[in-house]
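Here are my notes on this model, as numbered points. Please read them with the structure open.

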Amino acid sequence: MRSVLALLVLAACATEEPAAPSLPEPLDVIWEASIHRGDLVVLVPGTGSYDFLATSIEPLGPNPLVDVRAIEKVADDAIVFEQAIAAAHRAGLSNAELEAGAITFGLWGVGFTKISSFDYLSYEGIRIHIVVLGGKSSCAVGLVIANLLNYTPENALADGSDLYTKIQAWLATHGSGSPRNVIIASHSWGGAVAEYLGFHLADVEGRRGPLVDGTGVARIALTISAGVPGFVPGYAFAGPGLRHLSEGDLYEVDRPDDPVHAMNPSGNPDGHQYDILFGSAFQGSYGVTTTELSCRGVPGICHPRSP
């Protein structure tokens with residue numbers, strides 16, 4: 001009897017103890033851990049970025065204001081802009097801070113020749129300044145079919161090396177007063193380039209030297225890649241999820257209906273869009289600030305198109 005009573009007392013005491021607090025998921029904490037005021041966020045768009053962005057923005061003149069809701073081609077390729085803003089939101093930066101330049105947004109790989117910067121007006125109405133870092137990716141001109149032979153590990157390495165060099169050049173002349181992080185927001189072929197750089201960073205750094213901003217060595221703390229091809233001949237990419245690299249973290253996010261990631265030529269190409277809208281109401285960047293899906297403004301997945 002005494003043993004039974006003792007067990008009942010122990011059980012009662014156990015139920016009275018407060019529950020241990022749940023630990024945050026790694027994906028909840030990487031944002032504030034990686035993105036700080038003063039950092040550099042580099043936008044790396046994918047295939048056809050010259051056709052979508054450069055040909056739409058450069059005719060607007062020097063230092064233009066680019067409204068994503070007003071220019072259809074920009075809206076089609078604005079994924080990395082909204083992804084970068086979404087990541088800053090997750091890190092706790094306010095709209096006012098972003099508009100005031102608390103972090104620097106740089107753009108690589110589009111092939112601009114006439115402008116060095118512009119302002120971007122987001123789906124939320126946030127106006128951020130974009131610095132053109134330069135560079136032109138191997139797939140910046142033409143759509144997927146025209147670039148099939150360009151999707152190679154060699155081009156991923158060449159583009160990744162140029163991306164690194166352009167970041168390095170900008171940091172060398174823009175000291176922040178304290179060590180800063182570099183965050184890469186990328187999509188499609190740009191995501192492939194960013195991931196390839198992440199996995200081969202030690203080799204590239206060995207050839208090019210470290211990222212130095214005048215006050216210390218900067219680090220690539222976080223790479224976000226969306227809509228990455230499943231593979232290119234001779235190389236398979238990471239796949240969805242969060243991974244630790246030799247330096248920093250890699251977060252790949254892929255829509256379940258994205259034909260590019262699935263390598264499905266019969267899929268609906270609208271599934272490659274990661275800016276989620278219900279009609280004109282912006283829901284967020286898929287995988288960063290929303291898990292909703294839409295297809296050309298209609299809620300839900302993109303169903304395969306009829307033959």
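**Notes on the sheet and the cavity**

1. Strand β6 (residues 181-187) and β7 run parallel, joined by 7 bridges. Within this pair, I184 sits opposite T223 of β7. Keep in mind that the model is predicted.

2. Helix α2 (residues 26-34) packs on the sheet. The helix touches β6, β7, β10 and β11 (249-253). The direction of α2 makes about 130 degrees with that of β7.

3. Now the sheet as a whole. It is open and has 9 strands, in the order β2-β4-β5-β3-β1-β6-β7-β11-β10. The pairing is mixed. β2 (65-67) and β10 (241-244) stand at the edges. Each has a single partner strand, so one side of each lacks a neighbour in the sheet. From one strand to the next, the twist averages 25 degrees.

4. How many cavities of 30 Å³ or more are there? The count comes to 1. The largest cavity has a volume of about 60 Å³.

5. The lining of the largest cavity holds 13 residues in total. Nearest the centre lie G198, I220, T223, L245 and E247.

6. By class, 8 of the lining residues of the largest cavity are nonpolar, 3 are polar and 2 are charged.

Key
Residues numbered from 1 in each chain as written. Predicted model: local features only at pLDDT ≥ 70, side-chain atom pairs only at ≥ 80, totals over all residues. Heavy atoms only, no water. 1 Å grid on protein atoms, 1.4 Å probe; cavity = no way out; pocket = protein on both sides within 12 Å on 5 of 7 lines; lining within 4 Å. Points joined across faces, edges and corners; volume = space filled by probe spheres on them. Nonpolar A, V, L, I, M, F, W, Y, C, P; charged D, E, K, R; others polar. Pairing = 2+ DSSP bridges. Helix = DSSP H or I, 4+ residues; strand = E, 2+ residues; numbered from the N terminus. Axes fitted to C-alpha atoms, helices over the stretch in contact; angles between N-to-C directions. Contact = heavy atoms within 4.5 Å.
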